Amino acid sequence: MKLNRELLVRAYAVWLIVEGKVERALEVLSKYYGVSTPNIKVGLPKGYSRTLGCYISKKATLYVRSSSELRNPYVILHEYYHHLRCVLGEHRGTERYANEYAKKSIEALVKLVRSGVKLNAIMQQDDNVKV
């Protein structure tokens, strides 16, 4: 997997989520894609009790089952993919594509870590990150 700018931003978002900075991760991703930043809430809406997370487009909100999912990049990025598709007005996206988006984002971070690259060095000044 070749790491282009998008994958670097997604890897950085994974790192932020793992560090407990989920709101910042969503801001960085949204800035990169030029879309609104979704809200995030702990607690699932009625009818979604069998899942770890969901996205409700009418409220532009990602919901997670419990606070532990706030540090789960797979759940957060899977739901963020649904937000991205809805906001961009593109095909809503399938679960398979949302899964792939999350998986490739995590794999990008793993590749960077294994290669010895320090994400802090790449995204040195978080507030001024050029995405």
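Mentor: Let's start with a definition: two strands pair if DSSP finds at least two bridges between them, a strand being a DSSP run of E of at least two residues, numbered from the N terminus, and a helix a run of H or I of at least four. This is a predicted model, where local features need pLDDT of at least 70, side-chain atom pairs count only at pLDDT 80 or more, and totals for chains, interfaces and linings use all residues. Residues are numbered from 1 along each chain as its sequence is written, and side-chain values use heavy atoms, leaving out hydrogens and water.

Trainee: What makes β2 and β3 a pair?

Mentor: Four bridges join β2 to β3 (residues 61–64), and at least two are required, so they pair. The two strands run antiparallel, with Y55 opposite L62 in β3.

Trainee: Why is C54 called buried?

Mentor: Its relative accessible area is 5%. Buried means under 20%, exposed over 50% and partly exposed in between (1.4 Å probe, protein chains only), so C54 qualifies.

Trainee: And why is C86 called partly exposed?

Mentor: C86 has 26% relative accessibility, so it falls in the range between those cut-offs.

Trainee: Which residues touch the most other members of the largest nonpolar core?

Mentor: L29, I76 and Y80, in a core of 32 residues. Such a core is a set of buried Ala, Val, Leu, Ile, Met, Phe, Trp, Tyr and Cys residues joined through side-chain atoms within 4.5 Å. Its largest share, nine residues, comes from α1.
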